[in-house]
Amino acid sequence: MNRILSGVQPTGNLHLGNYLGAIRNWVSMQDSYECLFMLADLHAITVPQEPAALRKSVRETAAAYIACGVNPEKAAIFPQSAISGHAELAWILSCHTPLGWLNRMTQFKEKSGKNKENAPLGLYSYPVLMAADIILYKATHVPVGEDQKQHLELCRDIAGAFNRAYKTEFFPIPEPVILGAATRIMSLRDGTKKMSKSDESDYSRINLTDDTDTIALKFRKAKSDMVEGPITYDETARPEAANLLNIYATLKGITREQAVAEQDGKNFSAFKQSLTDLAVEKLAPITARMRELLATPDYIDQVLAKGVAKAGGTATQTMREVKDLVGFL
Ligand code: TYM
């Protein structure tokens with residue numbers, strides 16, 4: 001059976017981009033694939049984290065997966081750090097990754113900013129760990145948002161480099177799955193910037209924990225444009241409108257063309273009202289379910305323990321074979 005692996009960094013609230021760009025697609029694939037969904041806590045510490053907040057965030061992110069529809073009876077949900085194979089394999093893969101490949105990663109350039117000399121090594125080698133996450137389970141498909149595409153291409157190159165070095169077809173080359181109109185949800189304050197947890201303005205994103213009034217307020221305050229007349233889809237000329245139409249279409253499960261047709265001549269502000277109603281209808285049950293789950297942390301811990309046991313078996317087997325291929329005694 002084909003296997004998928006994906007994950008989110010447990011660093012605070014999940015937002016609409018994480019849900020529409022990634023988790024929603026995991027849910028749609030979970031009946032046809034064997035699924036592994038991790039909480040990427042090893043990735044989270046590439047930037048400073050407060051220990052208690054990180055621990056809390058791992059449980060919250062697990063609750064969000066389940067509230068969004070990931071079925072813990074089918075999928076393994078687990079913290080990355082609980083399975084030592086991730087870090088172990090990352091080391092071995094780092095010995096097969098030329099620096100030139102890492103130097104091309106745009107996310108490192110963005111995240112390290114001007115002060116590269118002070119950036120931690122982990123932030124730089126982050127994509128190698130991500131490759132390890134995926135191939136540790138010999139995952140065949142990886143559903144993610146557009147921003148992870150470059151990391152997945154690198155993962156394919158690293159898997160190929162390992163196979164060539166040991167003259168084997170041991171690791172399958174994984175396929176990225178970047179699906180739908182919401183592969184890159186933009187900030188509500190600036191249609192040219194990605195919606196992100198790290199944006200200092202909370203008005204730039206819809207968090208999965210936002211209540212109805214907050215969702216309505218954020219969409220009302222979302223940046224509009226000065227174009228008169230009905231809402232239209234044009235990514236270059238009307239990036240904010242295009243973003244909101246992509247959100248609308250994905251939440252409703254229709255194409256962006258259908259979304260434009262459905263809005264039938266409404267102007268920007270009238271469209272925002274339809275979007276708010278739809279978003280509240282779709283997100284309120286997720287928020288409510290998250291609250292219920294967070295009130296039962298023991299249940300979440302049980303789900304995680306089950307996930308670790310399930311994923312751990314596969315990881316141990318892979319690492320045994322990898323060590324044998326590499327020549328460790
Ligand atoms: P992270 O935590 O930044 O994001 C989690 C998932 O959400 C998607 N995403 C978005 N999609 C659409 N629009 C947006 N504005 C948006 N923002 C985030 C991301 O593409 C991602 O799918 N390195 C990864 C976590 C990771 C991982 C892995 C993923 C670690 N190991 C192995 C897949 C496979 C990350 O930082 O995602």
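Which residues are linked with Asp 202 in a network of salt bridges? In this predicted model, where local features need pLDDT of at least 70, side-chain atom pairs count only at pLDDT 80 or more and totals for chains, interfaces and linings use all residues, the network joins Asp 202 to Arg 205, Asp 210 and Lys 218. Residues are numbered from 1 along each chain as its sequence is written, and side-chain values use heavy atoms, with hydrogens and water left out.

The structure holds 17 salt bridges, a salt bridge being a side-chain nitrogen of Lys or Arg within 4 Å of a carboxyl oxygen of Asp or Glu. In one of them the side chains of Glu 60 and Lys 56 meet at 3.3 Å, N to O; both residues belong to helix H3 (residues 51-67), where they are four residues apart, about one turn of the helix. Helices (H or I, at least four residues) and strands (E, at least two) are taken as DSSP runs and numbered from the N terminus. Lys 56 counts as exposed, at 54% relative accessibility, on a scale in which buried means under 20% relative accessible area, exposed over 50% and partly exposed in between (1.4 Å probe, protein chains only).

A further salt bridge pairs Lys 194 with Asp 147, with the closest N and O atoms 2.8 Å apart. Lys 194 is found in the loop between strand S5 (175-177) and helix H9 (212-221), and Asp 147 in the loop between strand S4 (141-143) and helix H8 (149-165), so that the pair ties together parts that are 47 residues apart in sequence. Lys 194 is partly exposed, with a relative accessible area of 29%, and Asp 147 likewise counts as partly exposed at 29% relative accessibility. Lys 252 and Glu 262 also meet through their side chains in a salt bridge (3.2 Å, N to O). Because Lys 252 lies in helix H10 (residues 239-252) and Glu 262 in helix H11 (residues 256-263), this pair ties together parts that are ten residues apart in sequence. Lys 252 is partly exposed at 38% relative accessibility, as is Glu 262 at 34%.

The protein chain is divided into domain 1 (3-178 + 297-326) and domain 2 (202-291), with bounds that come from an automatic or database domain assignment. Their contact, defined by heavy atoms within 4.5 Å, takes 13 residues from domain 1 and 14 residues from domain 2. The C-alpha centres of the two domains lie 30 Å apart. The size of an interface is often given as the accessible area lost when the parts come together. Between domain 1 and domain 2 the buried area is about 1,200 Å², with carbon and sulfur atoms giving 74% of this; the value is the accessible area (1.4 Å probe) that two parts lose on being put together, summed over both. Leu 16, Leu 20 and Ala 67 supply 40% of the area that domain 1 buries against domain 2, more than any other three residues. Zero salt bridges are counted between domain 1 and domain 2.

Leu 16 and Leu 20 are among the buried residues of helix H1, as are Tyr 19, Ile 23, Trp 26 and Met 29. Eleven of the 14 residues of H1 are buried, so the helix is largely enclosed by the rest of the structure. The end C-alpha atoms of H1 (residues 16-29) are 19 Å apart, in agreement with the 20 Å that its 14 residues should span at 1.5 Å a residue, where the expected span is 1.5 Å times one less than the number of residues. H1 bends by about 35° at Ile 23, the bend at a residue being the angle between axes fitted to the seven residues ending there and the seven starting there.

Helix H13 (residues 297-326), with 30 residues, reaches 41 Å from its first C-alpha to its last, close to the expected 44 Å. A kink of about 30° in H13 is centred on Gly 312, which is among the buried residues of this helix, together with Ile 300, Leu 304 and Met 319. Thr 318, also in H13, counts as buried at 4% relative accessibility and touches Ile 135, Leu 136, Phe 170 and Phe 171, residues up to four places away in sequence not being counted. H13 is followed by Gly 327, whose phi is positive, near 105°.
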